Amino acid sequence: MADEMFETEIVTLIDDETGKEIEFEVIATLEIKGQIYYALLPIDDNENEEYVILKLEKDENGEDVLSTIDDDEEFDLVADAFDDAVFSEVDYDAE
């Protein structure tokens, strides 16, 4: 039962430009104004510690897809919300 607390969710996305599969760890989700957003950390990218923010949408077949946020104002709102709600609670100095 204790292992369930630390279970990570992994999603595999396909890069539209290269067609390459990339695995991400879901580090947080938030709902803002009825829209679901995901904060994802690339698993194999040890050089880059930055997370990616994507939003959950439906494709033409009604299937769930994660897509980039094209609107700068929307992106800033969501990034600030993740920083405030999720990442401000992390104490990196704790032993």
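A patch of negative charge on the surface is formed by Asp70, Asp71, Asp72, Glu73, Asp76, Asp80, Asp83 and Asp84; patch members have over 30% relative accessible area and no salt bridge, and like charges are joined within 9 Å. The model is predicted, with local features requiring pLDDT of at least 70 and side-chain atom pairs pLDDT 80 or more, while totals for chains, interfaces and linings use all residues. Residues are numbered from 1 along each chain as its sequence is written, and side-chain values use heavy atoms, without hydrogens and water.

Three salt bridges are present in the structure, each defined by a side-chain nitrogen of Lys or Arg within 4 Å of a carboxyl oxygen of Asp or Glu. Lysine 55 pairs with glutamate 57 at 3.6 Å (N to O) and with glutamate 74 at 3.5 Å (N to O). Because lysine 55 lies in strand S4 (residues 52-58) and glutamate 74 in helix H2, the latter pair ties together parts 19 residues apart in sequence. Lysine 55 and glutamate 74 are both buried, whereas glutamate 57 is partly exposed at 31%. The side chain of glutamate 57 also makes a polar contact with that of serine 67 (2.5 Å), a polar contact being a pair of N or O atoms within 3.5 Å, one able to donate a hydrogen and the other to accept it. Serine 67, in strand S5 (residues 64-67), is buried at 17% relative accessibility.

Lysine 58 and aspartate 64 form a salt bridge with closest N and O atoms 2.5 Å apart.

How values were computed:
Patch = residues over 30% accessible without salt bridge, like charges linked within 9 Å, V, L, I, M, F, W, Y side chains within 5 Å. Areas by Shrake-Rupley, 256 points an atom, 1.4 Å probe, with all protein chains shown as cover. Lys, Arg positive; Asp, Glu negative; His and termini not counted. Charge placed at Lys NZ, Arg CZ, Asp CG, Glu CD. Helix = DSSP H or I, 4+ residues; strand = E, 2+ residues; numbered from the N terminus. Buried < 20%, exposed > 50% of the residue type's maximum accessible area, 1.4 Å probe, protein only.
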